[in-house]
Amino acid sequence: MSDRSGHCICGAVRLHVADFPPEFGACHCETCRRWTGSAFLAATVPPERVHVAGGDHVARFRSSDWAERAWCARCGTNLWYRLTRPGGAYEIPIGLLDDTRGLKFSSEIYVDCRPDCFAYEGTAARATMTRAECFEKFAPSTEE
Ligand SMILES: [Zn+2]
Ligand SMILES: [Zn+2]
């Protein structure tokens, strides 16, 4: 693993992630689809590894009882999805990174919510979960 850095379009917010995970996934849920305009491609990172510069420019929206979504208030770039419970992980969009080389696209969730007009190449080789499977796996922990 290696450190990776990234930033929003205007550069007001910069992220540095220590030991950026080698794998990332896509979420096709309705909220991510609306938020990104397509699907949310992100890696899961523990909060202690995420360092944010330019935090004054970060705007946040509580998109569910258990999570927030953040963006740059100046340029609108989506910055992260984060579980709001103490120690909750960040989902850092890989599109923010200065260098995406070497990352592996390893999972897709809410696959049954994906519009039928597009698909990522290689989905069959990835770990996938449907909406119902996600609810079954994540619901108990999100109700804390
Ligand atoms: Zn910005
Ligand atoms: Zn989603």
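1. The strands in question, β6 and β7 (residues 67–72), pair in the antiparallel sense over five bridges. For the terms, strands (E, at least two residues) and helices (H or I, at least four) are DSSP runs numbered from the N terminus, and two strands pair if DSSP finds at least two bridges between them.

2. Before going on, a word on the model. It is a predicted one, where local features need pLDDT of at least 70 and side-chain atom pairs count only at pLDDT 80 or more, while totals for chains, interfaces and linings use all residues. Residues are numbered from 1 along each chain as its sequence is written, and chains are lettered from A and ligands numbered from 1 in the order in which they are written.

3. Overall layout: the protein has two helices and eleven strands, running β-β-β-α-β-β-β-β-β-β-β-β-α from the N terminus. The C-alpha trace spans about 35 × 35 × 30 Å along its principal axes. The radius of gyration is 15 Å, which agrees with the value near 15 Å for a compact globule of 144 residues; this radius is taken over C-alpha atoms, and the globule rule is 2.2 Å times the number of residues to the power 0.38.

4. Back to that β6-β7 pair, which belongs to an open sheet of eight strands ordered β6-β7-β8-β9-β4-β3-β10-β11, with mixed pairing. At the edges you'll find β6 (58–62) and β11 (127–129), each with a single partner strand, so one side of each has no neighbour in the sheet. Twist averages 30° from one strand to the next (axes are lines fitted to C-alpha atoms, for helices over the stretch in contact, and angles run from 0 to 180 degrees between N-to-C directions).

5. The other sheet to look at is an open one of three strands, β1-β2-β5, with antiparallel pairing. Its edge strands, β1 (2–7) and β5 (50–53), each pair on one side only. Neighbouring strands here are turned by 15° against each other on average, direction ignored. β2 and β5 share four bridges, and Val 17 has Val 50 as its bridge partner in β5.

6. Now the inside. Buried residues (20 or more other C-beta atoms within 10 Å of their own; exposed means 12 or fewer, partly exposed in between, with C-beta atoms placed from the backbone) make up 26% of the 144. The largest nonpolar core has 25 residues, and Cys 27, Phe 40, Ala 42 and Ile 92 touch the most other members. Such a core is a set of buried Ala, Val, Leu, Ile, Met, Phe, Trp, Tyr and Cys residues joined through C-beta atoms within 7 Å. β4 gives the largest share, five residues.

7. Beyond its neighbours within four places in sequence, Ile 92 is in contact with residues including Leu 15, Val 17, Ala 42, Val 50 and Trp 80 (contact: C-beta atoms, placed from the backbone, within 7 Å). Across the protein, 51% of contacts between residues at least 6 apart in sequence join residues at least 24 apart.

8. Two backbone angles to check. Most residues other than glycine have a negative phi. Asp 19 has a positive phi near 50°; Asp 19 sits in strand β2 and is exposed, with 12 other C-beta atoms within 10 Å. Tyr 110 has a positive phi near 55°. Tyr 110 lies in the loop between β10 (104–109) and β11 and counts as buried, with 24 C-beta neighbours inside 10 Å.

Definitions and conventions
Two residues are in contact if their C-beta atoms, placed from the backbone, lie within 7 Å.
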